[in-house]
Amino acid sequence: MAVIWIVGGTAALALVYLAWTYNRLVALSRRADGAWSDIDVQLKRRWDLVPALVETVKGYARHESAALEDVVRARAEATRAATVPERGASELGLSGAVGRLFAVAEAYPDLKAGQNFQELQRALVDVEDHVQYARRYYNAVVRDLNTLIEGFPSSLAASAAGFAPRSFFQIDEGERAAPRVSFDAPPAPEAGEARP
């Protein structure tokens with residue numbers, strides 16, 4: 001009789017643990033979906049600002065067509081990206097193209113001083129900040145979800161229920177490096193390098 005109680009109690013504990021694990025997996029999965037939705041909203045806000053930025057710069061810098069075309073192409077690639085890793089790579093490309101467009105704008109004082117350009121620049125900086133916050137939250141939720149999915153014995157419940165690890169919304173190592181800014185004369189060329 002005691003053996004039946006021990007086996008029954010063990011089975012009940014196992015079922016409670018499986019139910020708790022499954023519910024936690026579902027909750028983390030829903031939080032990850034919500035966090036990705038937050039990122040998606042911010043990225044779409046950025047996509048909506050890019051055409052206005054291109055038109056504003058185009059009015060001042062018509063001969064800078066390569067920079068303008070790069071931004072338009074990068075935006076189109078970003079809107080077509082399907083998976084989280086593809087989205088990270090394409091958004092990085094868009095950020096770089098917008099940054100190069102801002103660098104072009106530096107050569108046009110009237111453009112930099114224009115109210116439309118300044119408002120667009122502020123709006124893009126605001127969106128970038130929101131993307132960073134949303135990405136941090138998303139990656140934290142995905143980390144917790146992946147840890148639960150890959151840990152033992154919760155991995156048994158996760159695989160039985162069809163949960164799979166998710167990809168992080170990564171940025172390229174180059175973006176993590178601090179940009180080199182100089183307000184002085186350009187650096188002397190390296191040995192063997194031609195002067196422009």
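Me: How many helices and how many strands are there in the protein chain?

Reply: Helices (H or I, at least four residues) and strands (E, at least two) are DSSP runs, numbered from the N terminus. The protein chain here has 7 helices and 0 strands. Please note that this is a predicted model, in which local features need pLDDT of at least 70, side-chain atom pairs count only at pLDDT 80 or more, and totals for chains, interfaces and linings use all residues. Residues are numbered from 1 along each chain as its sequence is written, and side-chain values use heavy atoms, with hydrogens and water left out.

Me: Which residues of H3 are buried?

Reply: Buried means under 20% relative accessible area, exposed over 50%, and partly exposed in between (1.4 Å probe, protein chains only). The buried residues of H3 include Val-84, Leu-94, Leu-101 and Phe-102. The buried residues of H3 pack against helices H1 (2-60), H2 (65-80), H4 (109-113) and H5 (115-150).

Me: Is Gln-42 buried or exposed?

Reply: Gln-42, which lies in helix H1, is buried, with a relative accessible area of 12%. Contact means heavy atoms within 4.5 Å. Leaving aside neighbours within four places in sequence, Gln-42 is in contact with Val-127, His-130 and Val-131.
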